[in-house]
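The sequence and the structure come before the remarks.

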Amino acid sequence: MGLPGRNSGAILSKIATNNQHGENSEYFDGWKAYDKYPFHLSHNPHGIIQMGLAENQLCLDLIKDWIKENPESSICTLEGVHQFSDIANFQDYHGLKKFRQAIAHFMGKARGGRATFDPERVVMSGGATGANETIMFCLADPGDVFLIPSPYYAAFDRDLRWRTGVEIIPVPCSSSNNFRLTVEAVGWAYKKAQEANKKVKGLILTNPSNPLGTILDKDTLKDLVRFVTKKNIHLVVNEIYAATVFSGDDFVSVAEVVNDVDSYEVNVDLIHIVYSLSKDMGLPGFRVGIVYSYNDSVVSCARKISSFGLVSSQTQLMLASMLSDERFVENFLMENSKRLGKRHEVFTTGLKKADITCLTSSGGLFVWMDLRHLLRDRNSFESEIELWRIIIHKVKLNVSPGSSFHCTEPGWFRVCFANMDDDTLHVALRRIQDFVSKNSNNKIVEKATDKDQVIQNNNAKKQKWRQSNLRLSFRRLYEDGLSSPGIMSPHSPLLRA
Amino acid sequence: MVSLATEKKQDLNLLSRIASGDGHGENSSYFEGWKAYEENPFHPIDRPDGVIQMGLAENQLCGDLMRKWVIEHPEASICTEQGVNQFSDIAIFQDYHGLPEFRQAVAKFMEKTRNNRVKFDPDRIVMSGGATGAHETVAFCLANPGDGFLVPTPYYPGFDRDLRWRTGVNLVPVTCHSSDGFKITVEALEDAYEKALLSNIPVKGLLMTNPSNPLGTTLDRECLKSLVNFTNEKRIHLIADEIYAATTFGQSEFISVAEVIEEIEDCNRDLIHIVYSLSKDMGLPGFRVGIIYSYNDRVVQIARKMSSFGLVSSQTQRLIAKMLSDEDFVDEFIRESKLRLAARHKELTTGLDGLGIGWLKAEAGLFLWMDLRNLLKTATFDSETELWRVIVHQVKLNVSPGGSFHCHEPGWFRVCFANMDHKTMETALERIRVFTSQLEEETKPVAAAPMMAKKKKKCWQSNLRLSFSDKRRFDDGFFSPHSPVPPSPLVRAQT
């Protein structure tokens, strides 16, 4: 290290010294707590359960089985090693043709065949992280603005802004209409931005939504496409949770809508999709990010940018084979949906037993849990953080507070359910149920004159007492003065399901 | 789905400056060579008259060793029976610190390729999307838009994109001359530094490639020390691109900047950074294994956060971790690789010597810096381009003209030799022999004059049929396509 007195530290860039990477936020407290004391069913049954990581670990067995049955898809098996040198030398930023074809095919299947994708428009990137940054570099200059519905994935603050200099302005969604995004809200935000002399370059959405798990209906999507066309701004749709939809409602991709709307109402040069295999397939380690644009210049530019984050050719080959297997893909998508649906059902039913409701959702790897009734002060984010700390340290679950997603109303929490096995999920549910019931034992008895009224009153009061006693117990906990642990990197190794 | 005709014209206005500009460097005339190759790629049996690719710095000589290792170590893969039990753990691993065993193995490999004369700390190993990603990341960490890095010429054309395109950083050339073997002198550094300041470009660092691309030379200890001292004194960063570290052969010794800083008292290590990769030393460009190694803690931290935009696939991390942890394999690989590179280099240089063609003395890299100055009509880059076109279209060798590397003097060409087999090399040499003997024919009346006589300069122009007469000028910032740009499949080395 440099000796003091000579040059005390070198000068780094502004990008290196600002905090726009977002990792100095207090939200990493939960991670730190988890890292210190991670749950394990047998080794550490009292540890903290990780429910803050949106990962899909429910169908890895299907992928493993396929791998075992298809050794030629690897360059390291006897059956596949003859390809080793060709693949090891392949660095063409167009990517393996078979890979692009397989991805395009998978994307179509994940949308129920309701849209088809052109392999020539499939461009690689370093995960969805890289894809989101790349699309910003292609569409916006430093200082330009992208509108984004909130609540939104926290790391967008880094991915979209850090090195690009792009600004993001939220379009707040509220519980009053179940956090639905409306064109009116977008229009309003657009107008406000213009009035503030901001140059709005586009709108970026995540559909299915993270953290909400909801999907946009077709009409709204059509209206949004019409809106951006009219205003001549871009529409970027992050569809990385496309195959996690488990409800009966069909997921509508912007790719479908582009075909459906009258051609004079849509300028396809404005439409772009970000995709990835990290969530739909549960393969975040493989860094398979995709930029899919209907704009030829963007495809060309993004492809050149992909040099900075190509998918390893070894990984391209393996996935090219896997996703070209029609039978595997169909079965995988079906099972994935089924297992996620079941997991969602078990979890939300269990939560109901503790009088906890979640936003009705159709997909995603998480629920948007409503804990507003447990806040000391329904209007305070401080309250939300206090409650969150209790959940981490007393209930021993690492969940994510709504404010970390820029939610405008306190009391909502994102809770992930697909990154653990069934047993762990039940432990988590039991902890929640135990905690809620322990803190809502009827301590107050009231005299009643009318028996029926008594019963009715009692029932109503039980509910109210449960809630107020829960609040009381939380208050006690708040007053215990739970302090904030330090700051931690979010990329903590998981305790596997 | 057709975009509205009227909207098309506005298309570029809709995009960012980065997307609508030429900063990616791919609109240069040098793509002709690639095009010629693509349209007619050489194949010993199917296309014996095709263009031989000698413009791609790739190391294909030791593929057999790797294939053998991979078959003998099925547990290194997550796709084999022996390794699939690791599949899930690896598939979900996205921690930007990288697998600890990967970092340890890479650190060890870096030590071995520097003859174990220096130690590398695995905790300073940061991943990136190939060396391409590493360079860009380092630029993002060290410089603001408008700042400059000094770069000795000739240099790898990809730097124009990697260091400048999305970062807005400038590259300021430090001119090196053939008269002293293209040495990097302190005078040249000072000169470039002054020029930058006069142009209002704050200089933030010096980027050097050692071993050099395109020269193939390595810096001696004195020169390295002078670079460290120069940058320390100016309080600017020193970025050492050492991606060809293991490609030294013969008498040449590679000295890493890591070694030199141990010998300098009061060295400010916060200014020292190394860019590394497995693409050249191991011949694995497809795996995108780029490494940033910085002695500055803050840079390590920030570069690591940025690595999220270009992590190495966990599947590949695991394979590389296993492979490079096998010390016996690594020792054998490095040894064999050097021997084979030396042999291929010797084949080429012996052939060129026999034809009286000069080349810069160097013993590293995957290429040769060939001297064809005496074949230029005039000592101009226009002449160089004309000669280059003849070589591409008549001699049918895709080589890279020195101008594309920002060389100060015309007439030099980079010729890659490690991406082909022995037979292809023989064919290439034969073609050069035919070309030069044709030139000799031209000067039969003055037959006594040696190959390099001045009179020859005109002959190849007038007597050899050129397929076109277009004399396009060079663009500034011309660019010879490099990894990972080229879309052409390679003719694989058979040996």
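At what angle do helix H2 (residues 29-36) of chain A and helix H14 (residues 381-395) of chain A pack, and how far apart are their axes?

1. The two helices pack at an angle of about 5°, and their axes are 10 Å apart. Axes here are lines fitted to C-alpha atoms, for helices over the stretch in contact, with angles running from 0 to 180 degrees between N-to-C directions. H2(A) and H14(A) are therefore roughly parallel to each other, a term used for angles under 35 degrees, whereas those over 145 count as roughly antiparallel, 65 to 115 as roughly perpendicular and the rest as oblique. On the H2(A) side the contact (heavy atoms within 4.5 Å) is made by Asp29(A), Gly30(A) and Ala33(A), and on the H14(A) side by Trp388(A), Arg389(A), Ile392(A) and His393(A).

2. On conventions: this is a predicted model, in which local features need pLDDT of at least 70 and side-chain atom pairs count only at pLDDT 80 or more, while totals for chains, interfaces and linings use all residues. Residues are numbered from 1 along each chain as its sequence is written, chains are lettered from A and ligands numbered from 1 in the order in which they are written, and side-chain values use heavy atoms, with hydrogens and water left out. Helices (H or I, at least four residues) and strands (E, at least two) are DSSP runs, numbered from the N terminus.

3. The largest nonpolar core has 178 residues, and those with the most contacts inside it are Ile63(A), Phe84(A), Leu147(A), Met281(A), Phe87(B) and Met282(B). Such a core is a set of buried Ala, Val, Leu, Ile, Met, Phe, Trp, Tyr and Cys residues joined through side-chain atoms within 4.5 Å; buried means under 20% relative accessible area, exposed over 50% and partly exposed in between, with a 1.4 Å probe and protein chains only. Not counting residues up to four places away in sequence, Ile63(A) touches Met281(A), Leu283(A), Met322(A), Phe328(A) and Phe332(A), together with Phe87(B). Apart from this core lies another, of 153 residues, among them Leu58(A), Ile18(B), Met370(B) and Met420(B).

4. In chain B, an open sheet of four strands has the order E9-E10-E13-E12, with antiparallel pairing; two strands pair if DSSP finds at least two bridges between them. The edge strands, each pairing on one side only, are E9 (358-359) and E12 (400-401) of chain B. Five bridges join E10 (residues 367-371) to E13 (residues 412-416) of chain B, and Trp369(B) stands opposite Arg414(B) in E13(B). Helix H14 (residues 327-354) of chain B lies across E9, E10 and E13 of that chain, running at about 10° to E10(B), while helix H15 (residues 381-395) of chain B lies across E12 and E13, at about 30° to E13(B).

5. Glu242(B) deserves a look, with its place in the loop between strand E6 (237-241) and helix H11 (257-260) of chain B. At 0% relative accessibility Glu242(B) counts as buried, and its side chain reaches the backbone nitrogen of Val257(B) at 2.9 Å. Leaving aside neighbours within four places in sequence, the residues in contact with Glu242(B) include Arg114(B), Asn210(B), Phe254(B) and Tyr276(B).

6. Some backbone details may also be checked. The peptide bond from Asn210(A) to Pro211(A) is cis, with omega near 20°, and the bond from Asn210(B) to Pro211(B) is cis, with omega near 0°. Asp355(A), a residue other than glycine, has a positive phi near 60°, and at 30% relative accessibility Asp355(A) counts as partly exposed.

Technical notes. Polar contact = N/O pair within 3.5 Å; in protein donor to acceptor, adjacent residues only side chain to side chain.
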